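User: I would like to go through this model with you, starting with individual residues and then moving on to the helices. Please keep the answers plain.

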Amino acid sequence: MAINNPQQVSGLLRFITAGSVDDGKSTLIGRLLFDSKNLQVDQLSAVEASSKKRGMQQIDLSLITDGLLAEREQGITIDVAYRYFATPARKFIVGDSPGHVQYTRNMVTAASSADLAIVLIDAENGVKSQTRRHLYLAHWVGVPHVVFAVNKMDKVGFSQEIYRMIEEECSQLARSVGFSNIHVIPVSALEGDNITVKGDRLHWYSGPTLLEYLEKAPAAQDTEVQPMRFSVQRVTRLNRENIRTNSGFEDIDTRGYQGLVISGQLNVGDEVVIQPGGYRSQVKKLLNASGKFVEAVFAQESITVFLEQDLDISRGAMFSDVSLVGQVSKDFDAELCWFDEDPLDTNRTYLIKQTSNVAKVRLQSINQLVDVETLQKSLHPSGMKMNDIGHVSLKSQIQLSFDSFETNPGTGAFILIDEVSNRTVAAGTIR
Amino acid sequence: MNAVLEKIRDFDQAARQWTHLDALESEAIHILREIGAECNNPALLFSGGKDSAVVLHLALKAFFPERLRFTLLHIDTEHNYPEVLDFRDRITRKYDLNLVVRSVGDSIRQGRVRLRHENEPRNKYQTTTLLDAISEHEFDVCIGGARRDEEKARAKERIFSFRDEFGQWDPKNQRPEIWNIYNTRVAPGENIRAFPISNWTELDVWEYIQREAIELPEIYFSHERDVVIRGGALVPVTPLTPPHPDDEIKRLSVRFRTVGDITCTAPVESKALSVDEIILETAQTQITERGATRLDDQTSEAAMELRKKEGYF
């Protein structure tokens with residue numbers, strides 16, 4: 001049996017680079033792509049040409065990921081750029097996320113789908129306030145693993161002493177934020193040390209190169225081994241009018257529930273609880289993504305469920321294991337990260353989107369704010385503005401089914417939308 | 001309680017065949033179902049190219065066995081290979097779909113688009129026709145087959161990408177997109193562009209076409225064609241792209257990696273007759289899809305970004 005086996009490597013790893021401005025995030029990704037021979041001839045010649053245009057002698061590897069005009073003008077990263085590369089061992093999706101504090105929400109966007117964060121530290125300057133912010137946010141948004149790349153080792157003469165100091169500081173910091181799986185690797189992204197090959201200047205270091213580490217790093221948590229949760233995205237009412245010609249589908253005049261298995265496993269014949277409402281029914285049939293009836297489906301699959309009983313079920317309903325049901329409530333507490341330029345207004349209602357539910361929600365109270373740099377908490381704050389993280393109490397207009405984010409990120413996560421501007425103003429994790 | 005935990009513990013990871021293609025497929029279906037559930041009037045941008053064929057295939061799967069209710073929208077440059085139009089019409093009939101074609105030629109004849117010269121590539125002028133079609137049909141979301149690995153502006157774009165009432169993309173102020181919770185809300189007159197295969201690479205697309213046996217226009221496979229070599233690219237000899245007097249016309253075995261406006265889409269030399277052979281070539285290629293085949297992206301570092309800001313796909 002292979003449960004939670006850390007040795008098991010999935011075919012795809014999604015990771016991000018995080019860390020402060022100028023710690024070399026874009027250069028690191030450029031170096032990874034370059035040294036693992038994942039840059040195509042035309043991409044390389046384009047980067048060479050723009051490096052030359054900027055009066056540089058060598059090619060500037062950071063230009064590979066900075067795509068927008070404004071980014072190239074200012075030499076910074078504004079929004080996350082996704083890059084795709086592969087080695088014989090694995091496929092990778094990389095999010096190169098911005099370091100500037102005003103673009104924190106873009107960093108959170110990148111981190112929210114990542115299995116792993118590479119947090120860069122400038123060996124000359126050590127841990128900065130933005131490093132602490134990114135580390136906190138990466139953990140908050142659910143990134144399971146972190147690796148520190150202590151960069152610019154060339155600038156400190158590849159000093160083992162300096163590396164050890166930073167290693168200690170990083171590990172402590174990551175533990176205090178809540179990470180348990182922590183790795184630290186010394187590198188020079190600019191000169192290529194210890195990215196894909198170790199080189200002889202880091203002779204005192206005995207661990208894997210960054211790429212070796214990435215090829216073996218564990219991917220996302222095993223959502224299959226959690227209690228079953230299925231969220232209804234859409235109800236399909238099949239009849240003679242809407243069924244596809246030649247679909248070969250004979251079960252007409254039935255209702256199916258289309259959605260995503262968020263966690264666990266669902267089998268034909270299983271009894272499920274449907275929340276809110278608390279109805280019970282048995283699974284009659286399961287249709288997988290390929291339009292085949294199957295006996296069992298698993299976490300991450302997009303499927304259609306047919307039930308034995310004819311029940312009033314609509315979008316937003318949650319199916320759970322009968323013996324391990326989630327919570328159902330209008331009231332809940334959450335850790336909220338505020339993204340919008342307009343501060344939180346407790347006099348207004350917002351829209352919450354959680355799984356497939358969209359409902360009006362009111363912020364009952366802001367209980368405390370977290371200073372993500374010192375981890376200090378301040379009680380009874382007056383409000384929340386852009387980039388603040390706080391513990392809040394919310395009241396939803398409808399009953400929501402959820403788990404705590406810690407036990408099930410798929411049902412414990414939500415976003416808030418401004419009803420007037422339609423902007424996504426915040427994201428939250430249910431506590 | 002114990003029985004459930006037992007069942008959960010019995011789960012054998014190794015027995016489950018879950019590949020990266022399954023993960024990408026499920027992500028795309030989840031996105032398409034969100035659109036089906038939350039949007040009033042979705043259009044699926046269908047050019048007959050391989051990426052839009054893959055998105056259509058995913059949409060058919062997402063709502064199976066229901067008939068797909070998204071409108072197919074083709075923004076026609078009138079610079080097409082006939083094989084691609086035949087394919088478009090064949091697929092539309094096969095799945096009983098509603099196809100709307102709006103042509104850049106009509107926009108020109110109505111004076112909405114002014115060309116600098118007659119046979120100019122029409123890719124960038126599709127923007128006007130597209131925005132007019134969106135407002136004519138009141139589409140609140142347009143689903144496209146763009147991928148982030150194609151181009152550096154696309155690499156920055158969200159899966160649900162918001163466009164204002166002028167169809168414009170503001171890359172410096174994109175909505176945050178956290179986890180898989182998508183904000184599909186727009187005011188009347190505004191529009192969302194949704195890209196369900198954002199995270200797929202060219203190789204993923206071909207491997208998926210192989211796995212699912214997805215039909216494609218014939219010109220994706222090796223065939224003989226008269227071309228001239230200009231600026232390192234193969235330029236097909238067609239009525240729209242006649243050879244220059246001193247051009248040497250060569251007959252080569254070629255295939256198209258992308259399908260677009262004839263005047264700016266170049267084939268590559270290839271003997272690949274099957275999807276298997278294309279996959280082999282794609283895995284070994286030294287040059288990106290757009291780098292090899294899209295003459296209009298090579299005009300500046302930011303050609304795509306500028307087009308997208310104006311409202312392009």
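User: Where does I76(A) lie?

Analyst: This is a predicted model. In chain A, I76(A) sits in the loop that runs between α3 (69–74) and β2 (81–87).

User: Is I76(A) buried or exposed?

Analyst: I76(A) is buried, because its relative accessibility is 14%, and the cut-off for buried is under 20%.

User: How far is I76(A) from R229(A) in space?

Analyst: The C-alpha atoms of I76(A) and R229(A) are 41 Å apart, and the two residues are separated by 153 residues in sequence.

User: Let us turn to F158(A). Which loop holds F158(A)?

Analyst: F158(A) belongs to the loop of chain A between β5 (145–151) and α6 (160–177). F158(A) has a relative accessible area of 9% and is therefore buried.

User: What does F158(A) touch, apart from residues up to four places away in sequence?

Analyst: With those residues left out, F158(A) touches M153(A), D193(A), R201(A), L202(A) and W204(A). As for G326(A), 168 residues away along the chain, its C-alpha atom is separated from that of F158(A) by 51 Å.

User: And R14(A), where is its place?

Analyst: R14(A) is part of strand β1 (residues 12–19) of chain A. R14(A) counts as buried because its relative accessibility is 17%.

User: Which side chain is joined to that of R14(A) by a polar contact?

Analyst: The side chain of E27(B) makes a polar contact of 3.3 Å with the side chain of R14(A). Leaving out residues up to four places away in sequence, R14(A) touches I93(A), S113(A), A114(A), D115(A) and L116(A) in chain A, as well as E27(B) and N199(B) in chain B.

User: How confident is the prediction for chain A?

Analyst: Chain A has a mean pLDDT of 91, with 97% of its residues at 70 or more. Over residues 1–8 of chain A, however, pLDDT stays under 50, and the model has ten contacts for this stretch beyond four places in sequence.

User: What about chain B?

Analyst: The average pLDDT of chain B is 89, and 91% of the residues score at least 70.

User: What are the ipTM and pTM scores?

Analyst: Both are given for the model: ipTM 0.93 and pTM 0.93.

User: Now the helices of chain B. At what angle do α2(B) and α3(B) cross?

Analyst: Helix α2 (residues 20–38) and helix α3 (residues 50–63) of chain B cross at roughly 70 degrees, and their axes come within 9 Å. The two helices are therefore roughly perpendicular to each other, and the crossing is right-handed.

User: Which residues meet there?

Analyst: From α2(B), E25(B), A28(B), I29(B), L32(B), R33(B) and G36(B) meet V55(B), L58(B), A59(B), K61(B), A62(B) and F63(B) of α3(B).

User: How do α3(B) and α7(B) pack?

Analyst: α3(B) packs with helix α7 (residues 202–212) of chain B at about 55 degrees, the axes being 11 Å apart. The angle makes α3(B) oblique to α7(B), in a left-handed crossing. The residues in contact include V54(B), H57(B) and L58(B) of α3(B), and V205(B), W206(B) and I209(B) of α7(B).

User: And how do α7(B) and α8(B) cross?

Analyst: α7(B) and helix α8 (residues 275–284) of chain B cross at roughly 165 degrees, with axes that come within 10 Å. These helices are therefore roughly antiparallel to each other, and their crossing is left-handed. Among the residues that meet are L203(B), W206(B) and Q210(B) in α7(B), and V275(B), I278(B) and I279(B) in α8(B).

User: One more residue: in which helix is T92(B)?

Analyst: T92(B) is in helix α4 (residues 82–94) of chain B. At 9% relative accessibility, T92(B) counts as buried. Apart from its neighbours within four places in sequence, T92(B) is in contact with L72(B), L97(B) and L99(B).

User: Finally, which residues of helix α10 in chain B are buried?

Analyst: In α10 (residues 303–310) of chain B, the buried residues are A303(B), M304(B), E305(B), R307(B) and K308(B). After α10(B) comes G311(B), which has a positive phi, near 120 degrees.

Methods. Residues are numbered from 1 along each chain as its sequence is written. Chains are lettered from A and ligands numbered from 1 in the order in which they are written. This is a predicted model: local features need pLDDT of at least 70, side-chain atom pairs count only at pLDDT 80 or more; totals for chains, interfaces and linings use all residues. Side-chain values use heavy atoms; hydrogens and water are left out. Buried means under 20% relative accessible area, exposed over 50%, partly exposed in between (1.4 Å probe, protein chains only). Helices (H or I, at least four residues) and strands (E, at least two) are DSSP runs, numbered from the N terminus. A polar contact is a pair of N or O atoms within 3.5 Å; within protein, one must be able to donate a hydrogen and the other to accept it, and residues adjacent in sequence count only if both atoms are side-chain atoms. Contact means heavy atoms within 4.5 Å. pLDDT is the predictor's confidence in each residue, from 0 to 100. Axes are lines fitted to C-alpha atoms, for helices over the stretch in contact, and angles run from 0 to 180 degrees between N-to-C directions. Angles under 35 degrees count as roughly parallel, over 145 as roughly antiparallel, 65 to 115 as roughly perpendicular and the rest as oblique. A crossing is left-handed if the near helix is turned anticlockwise from the far one by less than a right angle, and right-handed if clockwise.
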